[in-house]
Structure formats: C-alpha cells, structure tokens
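Here are my notes for anyone opening this one for the first time. Have the structure up beside you while you read.

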Amino acid sequence: MSQLSNFVWSIADLLRGPFKPHQYGTVILPFTILRRLEAVMAPHRDALAAAVAKSEDPTMRRAHVRRATGLPFYTTSSYTLATALEDPDNLAANLVDYVNGFSDEVDVFKHFDFEARIHQLDAVDRLIPVTQGFAAAPLSTDDVDNAGMGDLFEHLIFKDFEASNAEAGDFYTPRDAIRLLVDLVFAEDTAALATPGITRSVYDPAAGTGGMLSVAEEHLHELNPKANLALFAQEINPSSYAIAKSDMLIKGQDIANVRLGDTLAEDLFAGDTFDFVLSNPPYGVDWKASEKAVRAEHARGTNGRFGPGLPSVGDGSMLFLLHVIAKLRPVDARGNGGRGGIVLNGSPLFNGGAGSGPSNIRGYLLENDLVDAIVALPNDMFYNTGIATYLWILDNSKQPERRGKVQLVDATKLGTKMRKSLGSKRVEISASDRDLIVRTYDHFDGGASVGESGSDGGGSPRSKVFDNLDFAYWSVTIERPLQLNFQVTPERLESVTESKPLAKVDGLVDALSSFGDKLYLNREEFLRDVGRHLGAAGIGLSTPQRKALWQALGERDENADVCTTKGQPEPDTGLRDTEVVPFGWGGHSMSHDAERDTIQAYADAEVLPHVPDAWIDWHKTKVGYEIPFTRHFYEYVPPRSLEEIDADLEASVARILTLLREVEA
C-alpha cells in the first residue's frame, strides 16, 4: 500500500513551484477520490448511461441506476479522465463537466473547492500532466479493495498534514489501533455476528476519514459475508467528511448517514442509538466553540448527553466519552444492549478531584456499570503524539461474569518498532499482538498474562480485574483547632499596617502602641481588653476589622486556648488536611451507605493517633472516582548497589584523567 500511495503522491512533484506543500492535498485527495469513483463505475458504464437516460427525475434515475448497476450514485457526464484528456485544449471544461455531472449524493468535491483547483492547475499548465498521472493510477476494485483504499487515504492524508504541519492525528487513526479497538468491541458479540442475515449498526461521532467504520465492516464481513452492517458517521472537518462520504458511496452504504457538523454542539443523529459506537476524538482540544450548546445540554440533566458532568473547557475528550455512552442502544427485553470503544489519553482516568466534572463523569460510568475494560497501549502508537494512550471498552449489557467489574489490561510492552516512523508513530500492533490482547481480554483473568508475544519478544499483556467501587473514594476534610496567642509587639504591628481593612482606621497603630506587650493565650480575653483600650482612644472597629486585627496580632501556639465560636472549636485553615479514604477501607462495606462508619474507622486508625485533637468536617466530605491505571501495574525496580555506582564513578574519573594527561602532553 505504501508503494501505491507513493505513486499517487509522486504526482505532487508536478505541483512544485505554483503550489506550496500545504496545498498539495487539495489537489491530490479529490483527484484520488475522482479516480476511485471512476474505477468503480468503469464495469457499468454502458448500463449506467442507459439507466440515466430513462428519466430526467433524479429520484427515478437513482432507482434505475441501482437496479441496473447496484451503484448508489451516478453521473450524467460521459467523460472519464482518459476521454477528457483527448481534448486537451478544453480539458478544464471537460473535467468540470465530469465532476458536476455526479448525482447529488456526490457532494464531496465542493468541500475541496475542486472546480477552483481545476482552473488553478490549468492556469499554471499543470492540469494535463496531473490528469494524465491520475488516469493511470491503478485504483480499480481489482487493484485495491475498500480496506486498501482506507489505508491509501491514511497514507495520503498523513503526507498532506505532514506537509502543512497540521495535527494529522486529529483527522484519522492508525489502522493497527482501529483493528484492535474493533476486535475488542466486537469480542462479546462474535457468536451472534456469525448468524445468517444478522444486522448491526455502527456509528462514529468523530469519523475523520471513516477508517473505523471501514475496519468494522471488514471485520464483520470476515465473520459473516452475508451480514448487514449499517454505517453512520459525523465529522466536523469538511475534507475528512468528503473522504469518508466517498468511501461510503463506493461501498454502497446510505450516504445520508454521513453528516457534516460539530458533534459536541449538535448531535445530528439525535434520538438514534446504535449497536456499536467507535470513536477516536481529538486529545486535549478545547470545546470553547461548542460551549454554549454543551452547557445548555448539560443543564437538561438526564435528558441530555452531558448530564453527569462537564470537564474543563480546555479538553473535550470526556464529552465524547459521554456522547458514546448516550448513543449505545438501550438494553432490550432479552438483555441485549450496545457496546462502544473510544481512544483516550491518560487524563480521563484521573483528572479532576472529588466533586469535579471529570470525577463525576467517571462516577456515572462506574456506578452504572458501563466500563467493561481499559487497555493501555504502547507509547508512540499515534501520528501526532507519543504519550500514553488507552482504549476504553464500554458496555451497557455486560456478560454475567463481568457485571460490577472493570478489567484493566496493560499492553504497553507489546508492539513492534516500525522500520520508518510516521510522525510520532514509531510502534505498531502486529496481528499476533492484537490476537494476544484480545485473548487476554476474553480470558478475563485478574492474574497472570495469557500466552506470549508473537512480535519482538516484548512481553505479554497483563490483566487485573476490579470491582467498580474499587475506584471510588471519599475525600475527607480533617480539621484541627485554631490555637493562637496574641501580643502587641513592633513586629506584629507591621502586619496591622499591611492589612487593608485596618489601614483605613485612623490612629489605630498609635493606640495599639500604647496597649502594652502582654502575652494573651485566650482570644476572647485579648479582644475584650484591646477593645476597651481602643474605645478609650475613641476608635471603634467593625466586625470584619476586629477579625483582621486578631488575625494580624495572633500567632499559632499549641499552648494557647482553643478559639471557639458559639462554644464550638474553630478550625485552623493552615492545619487543614484532606484524606482520601477508599470505599471498603479496612474491610468495611464497599458502598455509599458505609460512609460514616468507614471514614470514622479510618480516622481512628490513621489520623487520631497522630493528631488527637483533629476532627472530621462531615459537611465537606465528597465522593470521588479515579482509575490509577499506572499504579496498579507499577513494577518496583531496585536501585543499583553502591558498589556498582562507585565502580562507574571510578571508571569515569579514570577516563577524565587519561584525557587530561593527553591534553597536557
């Protein structure tokens, strides 16, 4: 496939000079689509022309064409790239006629502004050689199947975005990652998918060029060539949308199910749910442009997609996570529902503390038993990032043995190094590695790994199984009493002069200077005496100013009396601490109902022995959810011995001394 993409992309050499590298894709991609459509129509040209001639009505034409050729589109133009070249003086007009002759379904060329590109090429004398190059491109269905075309588009788009310094990973996903995700999502439905006449729907809300849908269709037809698969896609980028739609056209899919728009701002499949949902949303991309619509939908609560919570505006990946969940087919009377898979970076596992939007989103997923498994991939798997990446497998109708459980699979040590990197992508998952990961998932074991790697000896995936609430915790606020002594000294008076509320009180510092330097260990006694002194000097203080005064003149003192309000001890904010108490700590019941007993037992064992005067502020207790994936698979590596370190140092010193002697000589 790389050879074919290099052949197609080599035509870009003809564009050097009049076109900048970042403009090559606007020519190469639409010409590739046109050539592929032409190749698909080639065996049916006569039948297609006859069917088109039967009616002037587009709807009737479409019906005639489908009956005669099986194609879901047609063209009224008699041109091909080769015949258009037979009249070189009018090539531009011929190609415009060719492109504009396609039926309404083929609206993809306008998203590339292809007519303008044709005239631009003609104006700089590049149209003829470029057209000749594509007329010879081997893109028939005998040369390249649909999956191969997906791979071709992957290579072409990577080169395009590489040339324009764009974030290629925002628009498509490496095929090896897609195949693994599809295998994992389909794993629980494999037997049913082999049923004759089975029908399944697959949806991608951030479809890019449609790669995930292509691989899903390929996978299903390998299991069952007679299966029916309905594909649905939404994509925000016009060029990617055009490629995805072209791919669907060629496959005979209903291209009305490919829609252009911002998924977060507007669900163009509102009310629809699907058997499978697959997605690789952009990492770390903000949702400012969609913020008004997203917040409005969040305000709808359970009636909207984003009711459980909102992440920070700086990263919308968890909004796509919620969207995937919302689009899973509801569980039917037989217990069958929907499954989803989404590619995410590490932050959705742990970002945000208890009570935050991300934590609440994780809580919603875990409390409703929607997370089936999370698989950690090797680094350097994706084109635009080398960071850790995870596949989340979601399921609203788990198998009985998986209910209430989450499986974590560490596949970070798998993967084969590529001979030539593509951007940040230096590692790929081989077929044998993919099979090993899927078998590890199927095995559903919380212990040893399954089998051995078939690639480069990098190891085996490791699996651990947890209860959903293993990832739940209480964030507990521990308070300690406020104990202050009070004294009017020159050093503490400086704090008074720096206090904004007190700086406005005329004569305050002078009056305090004559108060004396007695040390008070009780706040009420100090405030009573200093109040009398200031009153005698004609100075009155408001309640906020009284607070500012004792804060300025007080210092922490463990021997001082506890400051109280209405007979209750006041907390010292400087000594305030937060403890994380896991659900089920110490063998207690792992549930919300066990909150007080578990937290109090934790405080009695872990806090009060060290700070006996501490207490829990129950009003500030929050429930949080975190999936510390890395911690669960951490492997301790002992440090080197002192003898080894000393030996290395001595060797280094010896080398340095040798070099110095050579310099001196």
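Predicted model: local features only at pLDDT ≥ 70, side-chain atom pairs only at ≥ 80, totals over all residues.

1. Start with Ser-77. You'll find Ser-77 in the loop between α4 (58-69) and α5 (81-85). Is Ser-77 buried or exposed? Ser-77 counts as buried because its relative accessibility is 6%, and the cut-off for buried is under 20%. Its side chain makes a polar contact with the side chain of Asp-97, at 2.9 Å. Leaving out residues up to four places away in sequence, Ser-77 touches Arg-45, Asp-97, Tyr-98 and Gly-101.

2. Now the inside. The largest nonpolar core has 101 residues, and the members that touch the most others are Phe-31, Leu-95, Phe-102, Phe-109, Phe-186 and Val-202. Helix α2 (residues 24-41) supplies the largest share of this core, with 10 residues. There is also a second, separate core of 54 residues, which includes Phe-232, Ile-374, Trp-392 and Ala-614. As general background, nonpolar side chains in soluble globular proteins tend to be buried together.

3. Phe-102 deserves a click of its own. Which residues is Phe-102 in contact with, leaving aside its neighbours within four places in sequence? They are Leu-34, Leu-37, Met-41, Phe-73, Tyr-74, Thr-75 and Phe-109. Phe-109 is also on the list of core members that touch the most others.

4. Salt bridges next: a search of the whole structure turns up 31 of them. One of these joins Lys-398 to Asp-369, with the closest N and O atoms 2.6 Å apart. This pair links distant parts of the chain, 29 residues apart: Lys-398 is in the loop between β7 (389-395) and β8 (405-410), and Asp-369 is in the loop between α17 (357-367) and β6 (371-376).

5. Arg-523 and Glu-570 form another salt bridge, their closest N and O atoms being 2.5 Å apart. Here too distant parts of the chain are linked, 47 residues apart, with Arg-523 in helix α22 (residues 523-536) and Glu-570 in the loop between β16 (568-569) and β17 (577-582). Both Arg-523 and Glu-570 are buried.

6. Compare that with Arg-528 and Asp-529, whose side chains meet in a salt bridge at 3.7 Å, N to O. Arg-528 is partly exposed because its relative accessible area is 40%, while Asp-529 counts as buried at 18%. Elsewhere, salt bridges that share partners tie Glu-188, Arg-339, Asp-372, Asp-395 and Arg-402 into one network.

7. Have a look at helix α23 (residues 543-553), where Gln-545, Ala-548, Leu-549, Trp-550, Ala-552 and Leu-553 are buried. What covers the buried residues of α23? The cover includes β13 (484-486), α19 (490-498), α20, α21, α22 and β14 (554-556).

8. Gly-507 is in the loop between α20 (500-503) and α21 (508-513). With a relative accessible area of 38%, Gly-507 is partly exposed. Its C-alpha atom is separated by 9.6 Å from that of Leu-534, which is 27 residues apart from Gly-507 along the chain.

9. Asp-125 has a positive phi of about 60 degrees although it is not a glycine. Asp-125 is in the loop between α7 (114-123) and α8 (127-135), and its relative accessible area of 64% makes it exposed. Lys-566, also a residue other than glycine, has a positive phi near 55 degrees. Lys-566 is in the loop between β15 (564-565) and β16, and at 84% relative accessibility Lys-566 counts as exposed.

10. Last, the surface. Val-653, Ile-656, Leu-657 and Leu-660 make a nonpolar surface patch of about 350 Å². Val-653 lies in helix α26 (residues 642-664) and counts as partly exposed at 45% relative accessibility.

Notes: Residues numbered from 1 in each chain as written. Heavy atoms only, no water. Patch = residues over 30% accessible without salt bridge, like charges linked within 9 Å, V, L, I, M, F, W, Y side chains within 5 Å. Areas by Shrake-Rupley, 256 points an atom, 1.4 Å probe, with all protein chains shown as cover. Salt bridge = Lys/Arg side-chain N within 4 Å of Asp/Glu carboxyl O. Helix = DSSP H or I, 4+ residues; strand = E, 2+ residues; numbered from the N terminus. Buried < 20%, exposed > 50% of the residue type's maximum accessible area, 1.4 Å probe, protein only. Polar contact = N/O pair within 3.5 Å; in protein donor to acceptor, adjacent residues only side chain to side chain. Contact = heavy atoms within 4.5 Å. Core = buried A, V, L, I, M, F, W, Y, C linked by side-chain atoms within 4.5 Å.
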